[in-house]
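Student: I have a chain open here and I'd like to go through it piece by piece. Can we start with the rings?

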Amino acid sequence: MATLRTNDISLNFVDFLEAKQINQEKFRELWQSCEWENKVKVELSNDSFDKCMDQITEKLKVGILRDVSLESSKIKSICLYSRFVLGKDIVINLSIEKEESVSKLYFRMRSQNMSLVVQIGELIKQIYRE
């Protein structure tokens, strides 16, 4: 009898995310229907802000729905969307406050699946530790 050891197999959930585009109305509908939410706050220097946005779209595999700068260029809100291959939606609202030398990023993630929002929160923390 053969035995398969599964504890040695590691899967990266990000490999199963797909960047997708949806309209703003669908985003709002999903935001309201998702019951699980996670919040993450990150601070980084302003000179790394553009690099930060590249990392978000590349490493989280998300599509940017809307990029809104409010009254001043110091505050920005970005709506992001991704879909897990098993059909679970992930909606993310990223709020950015730029100050003199630092940017504060506030991620709010929602999904129908609790483990997805927890894992995405952990991935965001990992990205900014690098």
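Student: How far apart are phenylalanine 27 and tryptophan 31 in helix α1?
Tutor: This is a predicted model, to begin with. Phenylalanine 27 and tryptophan 31 are four residues apart in helix α1 (residues 24-33), so about one helical turn separates them.

Student: And why does one turn matter for direction?
Tutor: An α-helix has 3.6 residues a turn, so residues three or four places apart point the same way.

Student: How many aromatic pairs are there in the whole structure?
Tutor: A search of the whole structure gives one aromatic pair. The pair is phenylalanine 27 with tryptophan 31, and it counts as stacked because the ring centres are 5.9 Å apart and the planes are at 25°. For planes, the stacked cut-off is under 30 degrees.

Student: Is phenylalanine 27 buried or exposed? What about tryptophan 31?
Tutor: Phenylalanine 27 has a relative accessible area of 4%, so it is buried. Tryptophan 31 is at 15% relative accessibility and therefore also counts as buried.

Student: New topic. Where is asparagine 38?
Tutor: Asparagine 38 is in strand β2, which covers residues 36-45.

Student: Buried or exposed?
Tutor: Asparagine 38 counts as buried, because its relative accessibility is 19% and the cut-off is under 20%.

Student: What does its side chain reach?
Tutor: The side chain of asparagine 38 reaches the backbone oxygen of valine 117, at 2.9 Å. Neighbours within four places in sequence aside, the contacts of asparagine 38 include Val117, Val118 and Gly121. Phe107, Arg108 and Met109 are also among them.

Student: Which helix has Val117 in it?
Tutor: Val117 is in α3, where it is one of the buried residues. Leu116, Ile120, Gly121, Leu123, Ile124 and Ile127 are buried in α3 as well.

Student: Where do those sit around the helix?
Tutor: Looking down the axis of α3, the buried residues fall within an arc of 160°, so they line one face of the helix.

Student: What span should α3 have, and what does the model give?
Tutor: Helix α3 (residues 114-129) has 16 residues, which at 1.5 Å a residue should span 22 Å. The C-alpha atoms at its ends are 23 Å apart, which agrees.

Student: How many disulfides?
Tutor: The count is zero. Cysteine 34 is buried, at 5% relative accessibility, and cysteine 79 is buried too, at 2%.

Student: Last one. What is the overall pattern along the sequence?
Tutor: The chain reads β-α-β-α-β-β-β-β-α, which comes to three helices and six strands. Of its 130 residues, 38% are buried.

Conventions: Residues numbered from 1 in each chain as written. Predicted model: local features only at pLDDT ≥ 70, side-chain atom pairs only at ≥ 80, totals over all residues. Heavy atoms only, no water. Helix = DSSP H or I, 4+ residues; strand = E, 2+ residues; numbered from the N terminus. Buried < 20%, exposed > 50% of the residue type's maximum accessible area, 1.4 Å probe, protein only. Polar contact = N/O pair within 3.5 Å; in protein donor to acceptor, adjacent residues only side chain to side chain. Contact = heavy atoms within 4.5 Å. Disulfide = S-S within 2.5 Å. Phe/Tyr/Trp six-rings, centres within 6.5 Å; stacked < 30°, edge-to-face > 60°. Expected span 1.5 Å × (residues − 1). Arc of directions from axis to C-beta.
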